[in-house]
Amino acid sequence: MQKTLTVVDLTAIRANAERIKRLASGSAVFAVVKADAYGHGAEEVARAVEDIVDGFCTAIIDEGAALRIAGITKPVLVFTPPMDGADAERASAYSLTVTVNSVETAKLCKGLSCHIKVNTGMNRLGCTPDALPEILKTADAENIEGVYSHLYAPHDSGASFNQLKIFERAVRLVKTYRPQATAHLSASGGLLRGGKFLFDAVRTGILLYGYAPYGFSGENFTPAMKVYAKKIQDTEFIGGGVGYTKAVKNYKNLASYRCGYAEGFKRGVPLGEATLCMDSFISKKQSAYICVMENAEAYAKRCNTISYEVLTSVTKRSEIIYKR
């Protein structure tokens with residue numbers, strides 16, 4: 001096998017899901033499996049936790065359709081609103097729940113199960129609170145299954161409580177049209193904040209995979225992914241360079257491993273003796289496999305990024321095997 005090897009522990013993901021369920025204190029739990037479940041494999045992760053969670057969230061319709069093809073039957077909310085009629089038709093064909101963020105999408109999504117996204121301060125997706133009444137008049141009340149928003153800085157109490165107040169007003173208005181609509185404001189950070197932020201449901205992504213968002217502790221959550229590089233050659237050092245870098249040591253033997261920046265690793269963060277090449281790196285280690293990513297948070301700190309970016313990139317060109 002020439003690919004890197006990714007080992008995903010589904011037992012750890014299930015344990016994380018169970019802990020999330022307990023922290024939700026009776027609120028419904030939607031597992032966020034967008035971006036191929038943060039690189040862990042969306043279909044396998046969804047199958048592993050479908051009996052624990054109440055539904056799933058994806059970024060785009062294609063991701064939701066893949067879950068349906070894989071046999072997932074619980075509700076799937078797609079975060080990105082349909083862009084055109086073709087999107088709406090595909091969402092309908094796969095029984096997906098769409099996001100409505102404007103009067104235009106409310107018209108486009110007539111007859112489809114939907115959640116209305118309200119912008120409470122992230123300024124990414126969602127209607128303004130002032131636009132909400134017109135959207136509610138346009139949408140079919142019987143198809144409004146939920147209303148949601150997103151905390152832009154869940155670690156910041158002041159910012160979060162300001163958003164909470166705006167969202168509470170939006171929820172009251174939506175529930176005058178559709179009393180049974182599911183309200184949800186919190187992703188992983190809001191879940192850890194708890195209390196009033198839980199509402200009817202929570203959406204959890206990064207916690208499911210064993211890490212906490214900025215400003216929160218991931219204690220008691222277990223990272224589920226490890227990535228290994230396979231040795232492809234033992235090399236007698238003849239002088240010159242270590243890959244594309246001039247050697248500053250006199251080595252005896254080196255080994256080449258099949259993992260580089262085309263796998264999603266950072267060229268400037270050495271995995272072996274020097275910078276990575278596109279497809280490999282060079283190390284003094286001689287074992288058949290080297291673990292190149294054991295903890296996404298630790299590797300992210302070396303790269304000056306966050307665990308989310310690491311997890312969604314390091315499984316490129318990787319063979320994933322699952323521990324059950």
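**Close-up views of a predicted model**

**View 1. Contact between helix 4 and helix 5.** In this predicted model, residues I61, D62 and A65 of helix 4 meet D87, R90 and A91 of helix 5. Sorted by class, the contact of helix 4 with helix 5 comprises 3 nonpolar and 3 charged residues, with no polar ones. Helix 4 spans residues 61-69 and helix 5 spans residues 85-93; the two pack at an angle of about 20°, and their axes lie 10 Å apart. Helix 4 is therefore roughly parallel to helix 5, since angles under 35 degrees are counted in this way. The crossing of helix 4 and helix 5 is left-handed.

**View 2. The open sheet with strand order 4-3-2-9.** This sheet is formed by 4 strands, and their pairing is parallel. Strand 4 (76-78) and strand 9 (201-204) are the edge strands, each of them pairing on one side only. Direction ignored, neighbouring strands of this sheet are turned by 25° against each other on average. Within the sheet, strand 3 (residues 55-58) pairs with strand 4 in the parallel sense over 3 bridges. At this pairing, T58 stands opposite V78 of strand 4.

**View 3. The open sheet with strand order 5-6-7-8.** Here, too, 4 strands form an open sheet with parallel pairing. At the edges stand strand 5 (98-100) and strand 8 (182-184); each has a single partner strand, so one side of each is left without a neighbour in the sheet. From one strand to the next, the twist averages 25°. Strand 6 (residues 114-117) and strand 7 (residues 144-148) are paired in the parallel sense over 4 bridges. In strand 7, Y148 is the bridge partner of K117.

**View 4. Helix 8 across strand 7 and strand 8.** Helix 8, made up of residues 157-177, lies across strand 7 and strand 8. The helix runs at about 170° to strand 7.

**View 5. The aromatic pair of Y257 and F281.** The structure holds 8 aromatic pairs. A pair of aromatic rings is described by the distance of the centres and the angle of the planes. For Y257 and F281, the ring centres are 5.5 Å apart and the planes stand at 15°, so the pair is stacked; the cut-off for a stacked pair is an angle under 30 degrees. Y257 belongs to strand 13 (residues 253-257) and F281 to strand 14 (residues 281-283).

Notes
Residues numbered from 1 in each chain as written. Predicted model: local features only at pLDDT ≥ 70, side-chain atom pairs only at ≥ 80, totals over all residues. Heavy atoms only, no water. Axes fitted to C-alpha atoms, helices over the stretch in contact; angles between N-to-C directions. Parallel < 35°, antiparallel > 145°, perpendicular 65-115°, else oblique. Left-handed = near helix turned anticlockwise from the far one by under 90°. Contact = heavy atoms within 4.5 Å. Nonpolar A, V, L, I, M, F, W, Y, C, P; charged D, E, K, R; others polar. Pairing = 2+ DSSP bridges. Phe/Tyr/Trp six-rings, centres within 6.5 Å; stacked < 30°, edge-to-face > 60°.
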